[in-house]
Amino acid sequence: MLLIDCPFCGKRTESEFAYGGPALAPRPDPAALTDAEWVDWLTVPPNPLGWVEERWWHARGCGAWLTLRRHTVTHEIAEVRHGR
Amino acid sequence: MSEGFEELCRVRPIARQGMITLRGDLSAKAVKNAVTGVAGVDMPSRREARHVGERAILWMSPDELAVLVPHEEAAVAAETMRSALAGIHALVADVSDARAHFRLEGDTIREVIAKLAPVDMSPAAMQPGMVRRTRFAQVAAGFWLRDEATAQVFCFRSVADYMSGLLRTAATPGSAVGYF
């Protein structure tokens, strides 16, 4: 169980949150990309053994969207910030 | 669910509770004045609930408050707030009929809530005057401690029967844990 330190509510259990997917680079212009690059951006989430940036929604708390840096092996959370 | 039940603690549905949601810049003077004016209660700071009798202001998020007034006053109070906030970027909604409230009374309220919600209910962590938005088993809910032996739980009215069943189960006689 993750313990996410919401900047507004304090440490809250993962079950109060909804996962919002990886924090991706800004949406590129599909016309400027090859099909392969576009499909990659749309459908292939980063999945490293290590640090990832993710969006989490404090759905059953204050409703804020947070971005956090989480280690996929240890589940350590290094940073939580409001917004992107 | 019309009458309360006497188990580990007394659980009583509050049949008619006026509740108004306000969203806006909580640091704005006009917002503070509009809210405290109709509630007659001091402005809460982050994660606080202030109440006087049946009137209360609950902090719900960095840009949201809930104002509790008697049910029959809610529509007028919402209108008063709306006119006080005319021209200001804020939203006022009378949600009295969209929420269900329960009053828990007794020495074991901490234990009954701790069985249902992922909240540190130790007296050091959860103190009277604190409000908490969280979940009770499967549904979103919130509560605050009015005092050491009284809590008020609120949830969407659509899940009021579920909540009533949850609280009844958590307060079943003989199920005391005695942790707190």
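Reply:

**The largest cavity and its surroundings**

Within the lining of the largest cavity, β9(B) provides the largest share, three residues; strands here are DSSP runs (E, at least two residues), and helices are runs of H or I of at least four, numbered from the N terminus. The model is predicted, so local features need pLDDT of at least 70 and side-chain atom pairs count only at pLDDT 80 or more, while totals for chains, interfaces and linings use all residues. Residues are numbered from 1 along each chain as its sequence is written, chains are lettered from A and ligands numbered from 1 in the order in which they are written, and side-chain values use heavy atoms, with hydrogens and water left out.

A search of the whole structure finds one cavity of 30 Å³ or more. On a 1 Å grid over the protein atoms alone, a cavity is a set of points where a 1.4 Å probe fits but cannot get out, whereas a pocket is an open set with protein on both sides within 12 Å along at least five of seven lines; lining residues have an atom within 4 Å of a point. The largest cavity holds about 60 Å³ of space, a volume being the space filled by probe spheres set on the points, which are joined across faces, edges and corners.

Its lining consists of C9(A), R12(A), G61(A) and C62(A) together with R47(B), W59(B), M60(B), V131(B), R132(B) and R133(B). By class, the lining has five nonpolar, one polar and four charged residues; Ala, Val, Leu, Ile, Met, Phe, Trp, Tyr, Cys and Pro count as nonpolar, Asp, Glu, Lys and Arg as charged, and the others, Gly among them, as polar. Because domain 1 (5-14 + 98-170) and domain 2 (17-97) of chain B both give residues to the lining, the largest cavity lies between them; the domain bounds come from an automatic or database assignment.

The largest pocket has about 320 Å³ of space, and of its 19 lining residues M60(B), E64(B), R99(B), R133(B) and F156(B) are the closest to its centre. Its lining draws at least three residues from each of domain 1 and domain 2 of chain B.

The second largest pocket has a volume of about 220 Å³. Of its 13 lining residues, C9(A), R12(A), A125(B), M126(B) and R132(B) lie nearest its centre. β2(A) gives the most to this lining, with three residues.
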